[in-house]
Protein chains: 2
Amino acid sequence: MKPVKVGLLGLGTVGTGVVRIVEGHQEDLSSQVGSPIVIEKVAVKNLDKKRSIEIDRSKLTEDPWEVIRDPEIDVIVEVMGGIAGTKEYILEALDRGKHIVTANKDLMALYGSEILAKALEKQCDVFYEASVAGGIPIIRTLIEGFSSDRIMKIMGIVNGTTNYILSKMSQEGASYEDVLIEAQELGYAEADPTSDVEGLDAARKMAILGTLGFRTNVELQDVQVRGISSVSKEDIQYAKRLGYEMKLLGIADRQDDEFSISVQPTMVKKSHPIAAVNGVFNAVYVYGEAVGETMFYGAGAGEMPTATSVVADLVAVVKNLKLGVNGLKAIVPYKPKKLKNDEQISFKNFLLLQVSDKAGVLAQITQVFAEYEVSLESVVQSPNADTPDAEIMIVTHNASKASMDQVLHHFEGLDVIRRVKSVYRVEG
Amino acid sequence: MKPVKVGLLGLGTVGTGVVRIVEGHQEDLSSQVGSPIVIEKVAVKNLDKKRSIEIDRSKLTEDPWEVIRDPEIDVIVEVMGGIAGTKEYILEALDRGKHIVTANKDLMALYGSEILAKALEKQCDVFYEASVAGGIPIIRTLIEGFSSDRIMKIMGIVNGTTNYILSKMSQEGASYEDVLIEAQELGYAEADPTSDVEGLDAARKMAILGTLGFRTNVELQDVQVRGISSVSKEDIQYAKRLGYEMKLLGIADRQDDEFSISVQPTMVKKSHPIAAVNGVFNAVYVYGEAVGETMFYGAGAGEMPTATSVVADLVAVVKNLKLGVNGLKAIVPYKPKKLKNDEQISFKNFLLLQVSDKAGVLAQITQVFAEYEVSLESVVQSPNADTPDAEIMIVTHNASKASMDQVLHHFEGLDVIRRVKSVYRVEG
């Protein structure tokens with residue numbers, strides 16, 4: 001049977017994995033789709049780079065346009081990353097009627113709706129399973145597995161670097177700075193770790209998951225983001241004492257048709273299944289109105305896990321190609337976007353306060369919470385041996401973000417409070 | 001747009017959930033598939049039964065054939081369960097060109113290949129996501145999410161009743177008999193619990209997962225089954241002391257093209273993600289050559305979780321109907337079946353022996369393991385206060401089933417061994 005020809009943009013970590021799987025599993029793949037899948041042309045940065053796989057040099061080019069414009073090529077697999085050139089390549093490929101598989105979360109978070117609209121116009125497929133949570137088929141699960149349900153909440157550990165750092169800090173009592181250096185040495189964190197540690201990478205993935213889960217067009221600027229660089233050893237020890245693990249969680253939740261979406265270090269009750277997800281692993285917890293609690297766990301990055309998702313998408317594209325139904329199953333968000341306001345956003349909070357160690361302080365502080373109708377789940381006061389101050393740990397019940405902002409604003413004018421040391425969202 | 005008409009066989013727990021979702025989520029569903037989905041006719045056991053949902057009485061019939069033979073009906077949703085009549089209904093519906101969604105694990109485990117062959121012949125869809133692990137979209141994941149990978153191992157907690165019983169025994173130190181009665185009172189176990197507690201229900205689900213994971217026709221008789229009725233309070237306490245949780249695990253694994261598949265109470269290392277799955281929850285752990293470790297967690301049964309999967313399948317069938325591609329994506333196992341023999345099946349074992357408390361016993365016993373080349377990971381001997389005997393706990397390294405059988409056979413003739421109290425597979 002006539003082989004399906006694939007053009008590959010990028011031959012870095014994931015691209016190499018894609019070649020390995022397509023060649024190594026050729027028999028399994030062609031049994032499923034009914035014809036061989038051939039990698040016809042590969043755009044690389046440097047023709048002369050040494051590679052860990054054998055690849056026919058005549059297939060390589062340094063010009064991505066040569067791949068895009070090759071009329072023989074049916075499907076473009078984009079694993080080069082980045083946004084600037086990539087967007088043009090993909091739009092041009094769609095214009096030429098080529099189907100797209102991409103692992104590019106940045107592109108899909110920023111220009112997903114434009115790309116999907118073009119694909120719909122050209123009746124082409126755009127699949128992007130690998131853009132979120134590497135090897136975990138979470139996009140398929142949201143689109144197909146839960147097509148019948150109303151997703152009310154998605155909580156994701158969708159960045160392996162930060163989960164590695166927080167897990168190590170928790171397990172070894174180490175500081176953020178020390179673990180970051182170690183993660184950089186091990187290749188788990190980049191030389192410039194900003195995008196990971198400040199939560200931007202996670203925010204992009206959450207925008208994609210939110211769009212699919214809520215069937216509305218969630219944009220990157222809708223995601224409220226706070227990273228982990230200010231999380232201290234002490235915060236994590238306090239969390240553990242109270243029975244929580246600190247995790248960088250992406251949280252998308254909705255009530256009726258209003259949703260909120262955020263990424264922040266969060267104290268998660270140890271009994272919650274996502275609290276046990278450690279190291280570079282990812283997990284996505286999904287709560288559906290009908291299905292209830294579910295969780296999906298696996299490798300969030302790495303050559304082979306990510307390539308598994310890319311090639312699974314490729315199989316889906318090729319099956320559609322054989323059936324002549326590409327582009328007909330695209331999911332276009334159809335619900336109007338309604339963001340929750342600060343009165344509607346509500347969750348539990350942990351606060352660590354440094355206060356004057358004298359009688360009546362606790363009464364003053366609890367009075368502030370009462371004034372803004374924030375009720376408290378627990379309050380623990382302990383003297384600090386090194387200073388004349390005391391420390392108070394507070395966990396609130398669910399409170400609106402608006403009320404909590406008022407409480408914190410009020411605290412600024414309160415003499416007995418020396419410092420609000422930490423504030424974290426609490427889940428589970 | 002012309003509505004899609006659905007015939008429902010069965011209006012018990014799951015059927016009721018299906019009606020709730022199809023009616024309650026009508027707007028979401030029709031936005032996805034492009035036309036309304038209407039439940040046209042419902043076969044029930046008793047027209048006069050009181051129901052928790054409103055349903056137009058004129059849609060009900062006590063004769064399933066009336067539903068099957070209705071020329072207006074496009075899709076049959078079978079949630080009545082059982083095998084005898086059900087098989088005929090489904091084959092006849094396929095003959096009439098109707099597509100099938102079923103939640104019937106018994107039917108798919110026993111007659112799946114016959115039903116899928118008929119579907120292929122008639123170009124009809126047969127989807128059965130709800131037949132395994134209720135609301136967890138594990139069948140989709142194996143067929144599509146991991147289409148590119150080579151699945152090497154599947155471990156599943158796929159029976160909620162037994163997981164509830166073992167979790168309770170572990171958490172409360174209760175006996176099997178007491179917890180079973182409690183589970184029956186709560187409706188988690190049936191009056192005749194045999195199918196659950198003896199592992200037959202789990203075996204059926206594992207046959208389905210094995211077929212999909214290994215792309216070969218795994219039959220029910222290929223699954224070696226042992227239930228939980230002989231698991232004692234003591235066994236679970238020993239397991240915990242050594243850092244294990246007792247779980248009824250379905251395990252399918254392969255090396256090259258040979259596979260083995262079994263269901264048995266298994267001691268799972270506490271650090272393994274599946275060890276933390278408690279109560280009536282289900283989870284399926286999948287190890288793929290490329291993707292590595294993954295796990296999927298959620299409700300394994302219940303009205304709404306199971307109905308979520310049924311209606312997700314219904315959405316998929318209706319999308320295919322609109323595209324005119326039903327029956328073209330059926331997965332037919334294409335690999336020849338090769339079962340491992342007892343020399344090839346290999347795993348770690350836990351043994352609890354009651355022995356004479358005298359010098360040299362341990363040497364005699366370890367000598368037997370050495371003779372059959374079974375190496376040991378740990379041996380713990382402790383006197384038993386109540387008797388003149390001692391107890392020995394042994395955990396082996398990986399050992400072939402053939403060797404272990406020889407060891408156990410040899411033990412029968414060994415005077416110093418009073419009794420082999422327990423033998424369990426060990427994982428994680």
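A charge sits over a ring if NZ of Lys or CZ of Arg is within 6 Å of the ring centre and within 35 degrees of the ring normal. Keep that in mind for the first example. The charged end of A:K87 sits over the ring of A:Y111, at 4.1 Å from the ring's centre. Chain B has its own case: the charged end of B:K87 is placed over the ring of B:Y111, again with 4.1 Å to the centre. Before I go on, please note that this is a predicted model.

Let me turn to how the two chains are arranged. Two copies of a chain are related by a rotation about an axis and a shift along it. Here, chain B is superposed on chain A by a rotation of 180° with 0.0 Å of shift along the axis, and the RMSD is 0.0 Å. The two copies are therefore related as by a two-fold rotation axis. Which C-alpha of chain B is nearest the axis? That of B:F296, which is 2.3 Å from the axis.

The interface tells a matching story. Of the interface residues of chain B, 100% are also interface residues in chain A, so the copies meet through the same surface.

Next, the layout of chain A. Its domain 1 covers 4–132 + 303–323, its domain 2 covers 138–299, and its domain 3 covers 346–427. How far apart do the C-alpha centres of domain 1 and domain 3 of chain A lie? The value is 52 Å.

Now some aromatic pairs. A pair of aromatic rings is described by the distance of the centres and the angle of the planes. Over all chains, the count is 13 aromatic pairs. One of them is A:F281 with A:Y297, a stacked pair with 4.9 Å centre to centre and 5° between the planes. This pair links distant parts of the chain: A:F281 belongs to strand β11 (residues 281–288) of chain A and A:Y297 to strand β12 (residues 292–299), 16 residues apart. Is A:Y297 buried or exposed? A:Y297 counts as buried, because its relative accessibility is 10% and the limit for buried is under 20%.

Chain B supplies an edge-to-face example. B:F369 and B:F411 pair with 5.6 Å centre to centre and 80° between the planes. Again the pair links distant parts of the chain, with B:F369 in helix α13 (residues 361–371) of chain B and B:F411 in helix α14 (residues 401–412), 42 residues apart. Both B:F369 and B:F411 are buried.

On to positions that come from a record. An unreviewed UniProt entry lists A:L9, A:G10, A:L11, A:G12, A:T13, A:V14, A:G15 and A:T16 under "binding site". I will take two of these. A:G12 is in the loop between β1 (4–9) and α1 (13–24) of chain A, and A:G12 is partly exposed at a relative accessible area of 34%. A:G15 lies in helix α1 of chain A and counts as buried, at 0% relative accessibility. Residues up to four places away in sequence aside, A:G15 touches A:L8, A:G10 and A:V79.

UniProt, in an unreviewed entry, also places "binding site" at A:K105. A:K105 is in helix α5 (residues 105–121) of chain A. Not counting residues up to four places away in sequence, A:K105 touches A:S131, A:D201, A:R204, A:K205 and A:I208.

Another buried residue is A:T396, with 0% relative accessibility. A:T396 lies in strand β15 (residues 389–396) of chain A. What is A:T396 in contact with, leaving aside its neighbours within four places in sequence? Its contacts include A:F347, A:F369, A:V374 and A:M404.

Last, the backbone. Most residues other than glycine have a negative phi, and most peptide bonds are trans. B:A133 has a positive phi of about 60° although it is not a glycine. B:A133 lies in the loop between β6 (126–127) and α6 (138–145) of chain B, and counts as buried at 1% relative accessibility. B:R215 also has a positive phi, near 55°. B:R215 is in the loop between α10 (200–214) and β8 (224–225) of chain B, and at 7% relative accessibility B:R215 counts as buried.

Methods
Residues numbered from 1 in each chain as written. Chains lettered and ligands numbered in written order. Predicted model: local features only at pLDDT ≥ 70, side-chain atom pairs only at ≥ 80, totals over all residues. Heavy atoms only, no water. Helix = DSSP H or I, 4+ residues; strand = E, 2+ residues; numbered from the N terminus. Buried < 20%, exposed > 50% of the residue type's maximum accessible area, 1.4 Å probe, protein only. Contact = heavy atoms within 4.5 Å. UniProt positions renumbered as here; feature names shortened; annotations may be inferred. Phe/Tyr/Trp six-rings, centres within 6.5 Å; stacked < 30°, edge-to-face > 60°. Least-squares fit on C-alpha atoms with pLDDT ≥ 70 in both. Domains from an automatic or database assignment.
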